[in-house]
Amino acid sequence: MRVLVCVKRVPAPGARIVIAPDGRSLDTAHLGFTMSPHEECAVEEAVQIVERERGHATVLTVGPEASEEQLRYAVSLGVGGAALVRTDGSDRDPQHTAVEIVQAVRRLEERDGIFDLILFGNESADAGGFQVGIRTARALGRPVVNGVKKLEFADGSLLARRPFDGGFEEYRLPLPAVVGVKEGLNLPRYPTLKGRLASKKVEVEIVEATGGKGGLRMLGFRPPREQVSETVILGHGPEAAPKVVEILAEIGVL
């Protein structure tokens, strides 16, 4: 069983986000980074699959050299290999990101064989586009299901279950397949000392980005409006009563 997990370097939860002067990007000077919670579950699932079914798991990301931090963390959890599609750090839209991933997947598969399963987080914690996994699956011509919270293998196929209106939907996918998983699929483990030492030694394979462009445009961020409260005096004593009645009528209370 060969499994590929695609992750993304995102700002750590709870960090104060500062918009850069261009209005189209983030000022990352004082930000800490991690991988998205959904992707942590995807990494854990890949490790469990390899432990149970035997095989090999690889983690891949598209980003600057600093993204090696997230790749090595995944290795410390039990992933066997890591690949970085190296970029200059500029933002890429979901279309462009999917193109980069597809080209990297084809290169890795041509050399080492087809990935039986490619795992994504349901969506990234920063952009929340819900698109990259689906675009990747479409380009590779493989079945895809998003929002999955349970995975099982049987008879050479994959059973994927996702919550829906108080119940569950089940999909049986032929392999190879692409799946987007959600937080709650499992409980991610913590790295061991042995895992951390292994992560320092692993050779991260570098795949240079194509430098192409996607078709989606970021129009810009709108700074949050300052909240302004105003107090209006309706009157004093009994003479204010008619005005109160008018306002209550306007808002539909009366």
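**Group meeting: loops, sheets and helices**

Hi everyone, let's start with Asp155, which sits in the loop between E8 and E9. When I say helix or strand, I mean DSSP runs numbered from the N terminus: helices are H or I with at least four residues, and strands are E with at least two. This is a predicted model, where local features need pLDDT of at least 70 and side-chain atom pairs count only at pLDDT 80 or more, while totals for chains, interfaces and linings use all residues. Residues are numbered from 1 along each chain as its sequence is written, and side-chain values use heavy atoms, with hydrogens and water left out.

Back to Asp155. Its phi is positive, about 55°, although Asp155 is not a glycine. Is Asp155 buried or exposed? Asp155 is exposed, at 82% relative accessible area. For the cut-offs, buried means under 20% relative accessible area, exposed means over 50%, and partly exposed is in between, using a 1.4 Å probe and protein chains only.

Asp165 is another one to look at. Asp165 lies in the loop between E9 and E10, and its phi is positive too, near 45°, in a residue other than glycine. With a relative accessibility of 72%, Asp165 counts as exposed.

Now the strands around those loops. E8, E9 and E10 form an open sheet of 3 strands in that order, with antiparallel pairing. Strand E8 (150-154) and strand E10 (167-174) are at the edges with a single partner strand each, so one side of each has no neighbour in the sheet. On average, neighbouring strands of this sheet are turned by 25° against each other, direction ignored. Two strands count as paired if DSSP finds at least two bridges between them. How many bridges join E9 to E10? There are 8 between strand E9 (residues 157-164) and E10, and the two run antiparallel. Across that pairing, Arg161 stands opposite Glu170 in E10. As a quick reminder, strands of a sheet pair through backbone hydrogen bonds, either parallel or antiparallel.

If you carry on from E10 towards E11, you come to Pro176 in the loop between them. The peptide bond from Leu175 to Pro176 is cis, and its omega is near 5°.

Angles here run from 0 to 180 degrees between N-to-C directions, and axes are lines fitted to C-alpha atoms, for helices over the stretch in contact.

Why is E7 described as largely enclosed by the rest of the structure? Because 4 of its 5 residues are buried. E7 is joined to E11 by 3 bridges, and the two run parallel; the partner of Val144 in E11 is Val178. Further along the sheet, strand E1 (residues 2-7) and strand E6 (residues 117-121) are parallel and share 3 bridges. There, Val5 stands opposite Leu119 in E6.

Next, the helices. Within H2, the buried residues include Leu71 and Ala74. After H2 comes Gly78, with a positive phi near 130°.

H2 also meets another helix. The axes of helix H2 (residues 68-76) and helix H5 (residues 193-201) come within 7 Å, crossing at roughly 135°. They are therefore oblique to each other; under 35 degrees would be roughly parallel, over 145 roughly antiparallel, 65 to 115 roughly perpendicular, and the rest is oblique. Arg72, Tyr73, Val75 and Ser76 in H2 meet Gly195, Arg196, Ala198, Ser199 and Lys200 in H5. By class, that contact has 3 nonpolar, 3 polar and 3 charged residues, where Ala, Val, Leu, Ile, Met, Phe, Trp, Tyr, Cys and Pro count as nonpolar, Asp, Glu, Lys and Arg as charged, and the others, Gly among them, as polar.

One last stop: Gly89, in the loop between E5 and helix H3 (94-112). Gly89 is partly exposed, at 40% relative accessibility. Gly89 and Ser67 are 22 residues apart in sequence and 9.4 Å apart in space, C-alpha to C-alpha.

Note on methods
Contact means heavy atoms within 4.5 Å.
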